[in-house]
Amino acid sequence: MVRDYLCATDKNNRLNTRIYQHSLRAMRHAEKLLKKEKADREVVLAALLLHDIGKTITEQRHDIVSYMISREILTKLGVGEKKKNKILDCVLVHSSKSIECLNLTAEQEVMMDADILDEIGVLTVTKYCAARVSKNMDVKDIIKGLEIKY
């Protein structure tokens, strides 16, 4: 259903493959994170599958558009209200960059971490850290820099 929606709404057929593949990669990252985090697997994976679906319509504030589309899809699929709301909450906050002010659930944290891991890639983080370690930067400063940058 998600893939069908992406294909139907992406007029130039550029984004649907990229968005869908990004979602699948992020889901694989989440599976690894879920081994260590106590979060609802179904909520995290469903949210990751849906989180960027609005990008076929707009890049700006796609989180809100993705939320609305996801609500429609989850309703059509008959997902229960409680689970649906947890998934939608994840979709809505996934693009928030100033997460210090948010009181995130475990599902939101895992979902956002998995999304960011795919967005920036492990190699980008490794290169960033290696460059700073070679300059003898303190680990706490490196982590703070990563939080600000990504």
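The model is a prediction in which local features need a pLDDT of at least 70 and side-chain atom pairs count only at pLDDT 80 or more, while totals for chains, interfaces and linings use all residues. Residues are numbered from 1 along each chain as its sequence is written, and side-chain values use heavy atoms, with hydrogens and water left out.

The protein has seven helices and zero strands, where helices (H or I, at least four residues) and strands (E, at least two) are DSSP runs numbered from the N terminus. Read along the sequence, the pattern is accordingly written α-α-α-α-α-α-α. Among contacts (heavy atoms within 4.5 Å) with a sequence separation of 6 or more, 55% involve residues 24 or more positions apart.

The largest nonpolar core contains 24 residues, of which Ala30, Val44, Leu48, Leu50 and Ile87 touch the most other members; such a core is a set of buried Ala, Val, Leu, Ile, Met, Phe, Trp, Tyr and Cys residues joined through side-chain atoms within 4.5 Å. Helices H2, H3, H4, H5 and H6 are the elements that give two or more residues to this core, and the largest share, seven residues, comes from H3. Ala30, when its neighbours within four places in sequence are left aside, is in contact with Val44, Leu45, Leu48, Val110 and Ala114.

A search of the whole structure finds eight salt bridges, a salt bridge being a side-chain nitrogen of Lys or Arg within 4 Å of a carboxyl oxygen of Asp or Glu. In one of them, Arg41 pairs with Glu31, and the closest N and O atoms are 2.6 Å apart. Because Arg41 lies in helix H3 and Glu31 in helix H2 (residues 15–34), this pair ties together parts that are ten residues apart in sequence. Arg41 is partly exposed at 46% relative accessibility, and Glu31 is likewise partly exposed, at 29%.

A further salt bridge joins Lys83 to Glu42, with 2.9 Å between the closest N and O atoms. Here Lys83 belongs to helix H5 (residues 81–93) and Glu42 to helix H3, so the pair ties together parts that are 41 residues apart in sequence. Lys83 counts as partly exposed, with a relative accessibility of 26%. Within helix H4, Lys76 forms a salt bridge with Glu72 in which the closest N and O atoms are 3.4 Å apart, and because these two residues are four residues apart in that helix, they are separated by about one helical turn. Lys76 is exposed at 61% relative accessibility, whereas Glu72, at 46%, is partly exposed. Salt bridges that share partners also join Asp40, Glu42 and Lys83 into one network.

His51, found in the loop between helix H3 (41–50) and H4, counts as buried at 0% relative accessibility. The His51 side chain makes a polar contact of 3.1 Å with the side chain of His22 and another of 3.1 Å with that of Asp52, a polar contact being a pair of N or O atoms within 3.5 Å in which, within protein, one must be able to donate a hydrogen and the other to accept it, and residues adjacent in sequence count only if both atoms are side-chain atoms. Beyond residues up to four places away in sequence, His51 touches His22, Ser23, His62, Ser66, Val91, His94, Met111 and Asp115.

Asp63, in helix H4 (residues 62–76), is buried, with a relative accessible area of 8%. Residues up to four places away not being counted, Asp63 touches Val91, Leu92, His94 and Ser95; the C-alpha atoms of Asp63 and Ser95, 32 residues apart along the chain, are separated by 6.6 Å. Glu109, by contrast, is a partly exposed residue at 39% relative accessibility and is found in helix H6 (residues 106–133). Glu109 and Val44 are 65 residues apart in sequence, with a C-alpha to C-alpha distance of 9.2 Å.

Technical notes:
Buried means under 20% relative accessible area, exposed over 50%, partly exposed in between (1.4 Å probe, protein chains only).
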